[in-house]
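My plan is to begin with the whole chain and then look up a few details.

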Amino acid sequence: MLRASNHYRLDIEGLRTIAVGLVVAFHYDVRAFHGGYIGVDIFFVISGYLITGLLTREVRATATIDFLRFYGRRAKRLLPAALLTTIVTLVVGSFVFSPPEMLATSKAAFASSIYLSNFWFLRATLDYFAAESSLNPFLHTWSLSVEEQFYFVWPALILFCGVHSKNNRRPLIGIGITILL
């Protein structure tokens with residue numbers, strides 16, 4: 001059985017700190033840091049890098065990926081906090097929001113709970129900064145939805161590129177083509 005690495009990575013923590021700083025500065029409207037998306041992009045790159053390393057090590061060691069274990073670890077890490085946040089937000093929202101606002105919040109909560117809030121907010125307003133979006137307490141979940149959608153596809157691609165190949169370059173070619181697409 002492969003174990004996740006518990007090594008503390010100062011470089012990764014440093015990049016996470018920079019990413020958080022950029023996002024916070026953006027949300028506090030610090031003019032010099034109006035590109036808060038860069039912080040989210042840094043998080044995406046860090047996550048992709050760490051998960052790709054984990055998956056490729058598993059494929060090299062076992063010639064497969066234990067999808068149940070992979071998704072189980074994700075669920076164990078994310079679902080308790082997500083469930084608590086969703087429930088508390090909906091309970092508080094029922095006292096604070098008008099019925100139409102609560103309906104929009106409830107729909108966004110559902111989309112968030114199935115990791116599709118990025119599509120929900122895109123379909124709802126077509127604008128991340130639209131007034132009706134910015135008031136929804138689940139707006140921030142769009143980036144988590146994108147990340148989880150990546151995790152839904154990426155392990156299968158890593159497995160396909162790694163297991164079905166006697167050519168060591170095939171995984172790199174497969175991943176390169178995916179990035180270009």
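**Notebook: whole chain, then details**

I began with burial, and of the 181 residues of the chain, 33% count as buried; I keep in mind that this is a predicted model. The accessible surface of the chain comes to about 12300 Å², and carbon and sulfur atoms hold 69% of that area.

Next I looked up the secondary structure, which comes to 8 helices and 0 strands. For contacts between residues at least 6 apart in sequence, I noted that 60% join residues at least 24 apart.

I then turned to one helix pair, α4 (residues 99-113) and α5 (residues 117-125), which pack at an angle of about 145 degrees with their axes 7 Å apart. On the α4 side the contact is made by A104, K107, A108, A111 and S112, and on the α5 side by S117, W120 and F121. Sorting these contact residues gives 5 nonpolar, 2 polar and 1 charged.

My last entry concerns the aromatic rings, for which I have a count of 6 aromatic pairs. F150 and Y151 form a tilted pair, 5.6 Å centre to centre with 55 degrees between the planes. F150 counts as partly exposed because its relative accessibility is 30%, whereas Y151, at 2%, counts as buried. F150 also pairs with W154, and this pair is stacked, at 5.1 Å centre to centre and 25 degrees between the planes. F150 and W154 are 4 residues apart in helix α7 (residues 142-163), so about one helical turn separates them. W154 is buried, with a relative accessible area of 9%. Finally, I noted that ring pairs link F67, F70, Y71, F150, Y151 and W154 into a cluster.

Notes
Residues numbered from 1 in each chain as written. Predicted model: local features only at pLDDT ≥ 70, side-chain atom pairs only at ≥ 80, totals over all residues. Heavy atoms only, no water. Axes fitted to C-alpha atoms, helices over the stretch in contact; angles between N-to-C directions. Helix = DSSP H or I, 4+ residues; strand = E, 2+ residues; numbered from the N terminus. Contact = heavy atoms within 4.5 Å. Nonpolar A, V, L, I, M, F, W, Y, C, P; charged D, E, K, R; others polar. Buried < 20%, exposed > 50% of the residue type's maximum accessible area, 1.4 Å probe, protein only. Areas by Shrake-Rupley, 256 points an atom, 1.4 Å probe, with all protein chains shown as cover. Phe/Tyr/Trp six-rings, centres within 6.5 Å; stacked < 30°, edge-to-face > 60°.
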